[in-house]
Amino acid sequence: MIALEHVTFGYEEMEMRFDAQFPSSSFTAVIGPSGGGKSTLLNLIAGFEAPESGRVLIDGADVTALPPDQRPVSMIFQDNNVFAHLDLWQNVALGIAPSLRLDADQKRRVDSALVDVGLGALMRRRPGEVSGGERQRVAVARALLRDRPVLLLDEPFAALGPALRRDMLDLVKAMSQDRHLTTVMVTHQPEDALAAASHTAYLENGHIVALRPTAELFAARDLPGLKAYLGT
């Protein structure tokens, strides 16, 4: 479980305050207007931003003071962060060892991760030789290879077309379920939440207004901001 307890963070003139719990092994989508603090929420969980006050807990452990590399978290961004001079296999292997010095078991894990995301036949190609969707699959494989219990996604599929975006959502959802990950995904596409998320949080002006099971949230009539955001 991810818990944010009285977490505050100031950005320009906005004072953000987060109090929320994301259930263990759940897939939560975070939606809301631009500039409301969605990416900041993920950065506070991952450790890329430090709260002014409050605590961030993961599975009951206080990680507020830990740097990103010491938190049990993997994160996938909209920019897939692949390295053009490395082939796909090497890009995925970075998830285990930045030096790319891997033992036999680690090499088998890289092979398996690439097969799992449908890139087994392309592993020796370079990023410039594959599609944007395939480059995002590299980022997914690398994150899952790290074997951390929390997976954060910051609009990772926003640049993809509708069909490919749905394919990637299905892939991440299936792998999150198989590995019992606690997954939190920021998206500007309400249909992404409906397709993949067990829970959805609506966030505006630096506050989580509601965090509910997805179908319940979208059916809610007590959230005028959400209705305005969705245009309903």
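Leaving aside neighbours within four places in sequence, N43 is in contact with F48, E49 and M75. N43 sits in helix α1, which covers residues 38-46, and M75 is also among the residues nearest the centre of the largest pocket. The structure is a predicted model.

**N43**

- N43 is buried, because its relative accessible area is 17% and buried means under 20%.
- Its contacts beyond four places in sequence include F48 and E49.

**The largest pocket**

- The largest pocket holds about 460 Å³ of space.
- Its lining consists of 20 residues.
- Those that lie nearest the centre of the pocket are M75, F77, N81, R142 and R146.
- Two elements, β6 (73-77) and α4 (132-145), each supply at least two residues of the lining.
- The strand β6 gives the most, with five residues.
- By type, the lining residues divide into twelve nonpolar, four polar and four charged.

**Helix α3**

- Helix α3 runs over residues 104-116, and its 13 residues should span 18 Å at 1.5 Å a residue; the C-alpha atoms at its ends are 18 Å apart, so the two values agree.
- Its buried residues are V110, A113 and L114.
- Viewed down the axis of α3, these buried residues fall within an arc of 95°, so they line one face of the helix.
- The exposed residues R108 and V115 are carried on the face turned away from the buried side.
- The cover over the buried residues of α3 includes α2 (88-93) and α4.

**R109, a residue of α3**

- R109 is found in helix α3.
- With a relative accessible area of 33%, R109 is partly exposed.
- R109 and A93 are 16 residues apart in sequence, and their C-alpha atoms are 8.8 Å apart in space.
- Apart from neighbours within four places in sequence, R109 is in contact with I96 and L145.

**Helix α4**

- Helix α4 has 14 residues and reaches 20 Å from its first C-alpha to its last, close to the 20 Å expected at 1.5 Å a residue.
- Eleven of those 14 residues are buried, so α4 is largely enclosed by the rest of the structure.

**Helix α5**

- The buried residues of α5 are R165, M168, L169, L171, V172, M175 and S176.
- Down the axis of α5, these residues fall within an arc of 160°, so they line one face of the helix.
- The face turned away from the buried side carries the exposed residues P162, A163, Q177 and D178.
- What covers the buried residues of α5 includes β3 (27-31), α3, α4, β7, β8 (182-186) and α6 (190-196).

**Residues with positive phi**

- Most residues other than glycine have a negative phi.
- D59 is not a glycine, yet its phi is positive, about 50°.
- D59 is found in the loop between β4 (53-58) and β5 (61-62).
- At 52% relative accessibility, D59 counts as exposed, because exposed means over 50%.
- E155, another residue other than glycine, has a positive phi near 45°.
- E155 lies in the loop between β7 and α5.
- D147 follows α4 and has a positive phi near 60°.
- H180 follows α5, and its phi is positive, near 55°.

Terms used. Residues numbered from 1 in each chain as written. Predicted model: local features only at pLDDT ≥ 70, side-chain atom pairs only at ≥ 80, totals over all residues. Heavy atoms only, no water. 1 Å grid on protein atoms, 1.4 Å probe; cavity = no way out; pocket = protein on both sides within 12 Å on 5 of 7 lines; lining within 4 Å. Points joined across faces, edges and corners; volume = space filled by probe spheres on them. Helix = DSSP H or I, 4+ residues; strand = E, 2+ residues; numbered from the N terminus. Nonpolar A, V, L, I, M, F, W, Y, C, P; charged D, E, K, R; others polar. Expected span 1.5 Å × (residues − 1). Buried < 20%, exposed > 50% of the residue type's maximum accessible area, 1.4 Å probe, protein only. Arc of directions from axis to C-beta. Contact = heavy atoms within 4.5 Å.
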